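Open the model in your viewer and keep the selection tool handy. We will go from one stop to the next, with a note on what to select and what is there.

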Amino acid sequence: FSEQVLEKVLKELQPLCTAEQEFIEKFFLLNQNAADLEVLEVSMRTVSFPPTIRLLSEIFSSLEPELRSFLDVCNRVHPFSCLQVLVTLNDSVFEMWNSSSSLPSSFLNTVLGNMLLLAKSSFNKCIGTLCKEMEEVKVSNKVRGGILPFVIRFEEFVNFSEEVFRPARRRGELDKALVRLAGSVFSSINSLSSANLKANTDMIMMENFHHIHCFLCQKKIGCLEGKKREAKERYSQHLEKYVIKYLGQPLEKLHHFFEGVKARVAQGVKEEEVSFHLAYSKQELRKVIEKYPSKEVKRALETLYRKIHKHLCPEENLLPVVWQAMEQEFIWQYQEFEDLIQRCYAGSGITMDFTMEDLLSYFNSITLSN
């Protein structure tokens, strides 16, 4: 509503001010040659204003204060009204400066130029306040997951601002603001890594970066292309961390055992001599393998699936993606275990109780049953 009122006011002001300016210049012969107006120029000359602007400033002395008051009211009525005001003033000034009928030094140009500076200042303050809110937000340590409130707030602002600026001739201020806001949102998500949350931090960061990436893909905003790529990279990074964190749990003791084996080899122990170390002997390996019979592995994977399903928010539909990533990493880990057995326990006849085919069957049956 505010931009409609402002637009109407500006449309009525332009012919009024232009007519008054033309009358003054004609009546006082201000468009005549300087030689004919020497006396008049001396009497009306001022330090900072030409005669026409000086006279119009006195005639319309209340115009600029009234416009300032109106913009102030707009800002109080709605925190984002400054966007609509900025677009309206930007377009009005643009039209006047590019209009052949508009006088180049018109009084109204000067007034609207001042109002435009004020509108830009209000817009920048609004963006600054919004960035500060996002950067200083405190996420409750009881949060269980899902899309964070400040991410939703960012989306709401983007949707609103894109609608407001859709008919605008220029959007430079908005592009700068959107990049700045996105930076604040990313910063707040990144700060979760040091937060003491009960939920898995990588899971929350993965979901929120994924959400932002999908949103920016949908909006197709040129100035945010870099942020869109960054969101995808961050989503992929935290997906990998989330998968790795839970990957060791179904085969936790096997995982720890072979991590120790790899550590000994990295320290310079020959692969064929690893089994002579008491903690990594063939007997100890058999004890660990016995803890993971085929049925137990399948049960552990089913438990893992239910746990992941409980963690992830359904809106993002990331369960199939995470489960597939979990399967790929699990198979890779199994192959690594098999390789270490072949290299460090060659000829021992030691094998795990389940095969690659078994693993693929487990993952497939869990996926189909859910």
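Start by selecting helix α6 (residues 107–135) and helix α8 (residues 172–190), which pack at an angle of about 10° with their axes 8 Å apart. Here the axes are lines fitted to C-alpha atoms over the stretch in contact, and angles run from 0 to 180 degrees between N-to-C directions. Because angles under 35 degrees count as roughly parallel, α6 is roughly parallel to α8. Helices are DSSP runs of H or I with at least four residues, strands are runs of E with at least two, and both are numbered from the N terminus.

This is a predicted model, in which local features need pLDDT of at least 70 and side-chain atom pairs count only at pLDDT 80 or more, while totals for chains, interfaces and linings use all residues. Residues are numbered from 1 along each chain as its sequence is written, and side-chain values use heavy atoms, with hydrogens and water left out.

On α6, pick residues including Phe-123, Ile-127, Leu-130 and Met-134; on α8, the contact residues include Leu-174, Ala-177, Leu-181 and Val-185. Contact means heavy atoms within 4.5 Å.

Stay on α6 and select Ser-122, which has its place in this helix. Is Ser-122 buried or exposed? Its relative accessible area is 19%, so Ser-122 is buried (buried means under 20% relative accessible area, exposed over 50%, partly exposed in between, with a 1.4 Å probe and protein chains only). Leaving aside neighbours within four places in sequence, you will find Ser-122 in contact with Asn-75 and Cys-82.

Next, colour the aromatic residues: the structure holds ten aromatic pairs. Rings of Phe, Tyr and Trp (its six-membered ring) pair if their centres lie within 6.5 Å; planes under 30 degrees apart count as stacked, over 60 as edge-to-face and the rest as tilted. Zoom in on Phe-258 and Phe-337, a stacked pair at 4.7 Å centre to centre with 20° between the planes. Phe-258 sits in helix α11 (residues 252–266) and Phe-337 in helix α14 (residues 319–344), 79 residues apart, and the pair links distant parts of the chain. Both Phe-258 and Phe-337 are buried.

Finally, zoom out. The chain has 15 helices and zero strands, and 44% of its 370 residues are buried.

Methods. Parallel < 35°, antiparallel > 145°, perpendicular 65-115°, else oblique.
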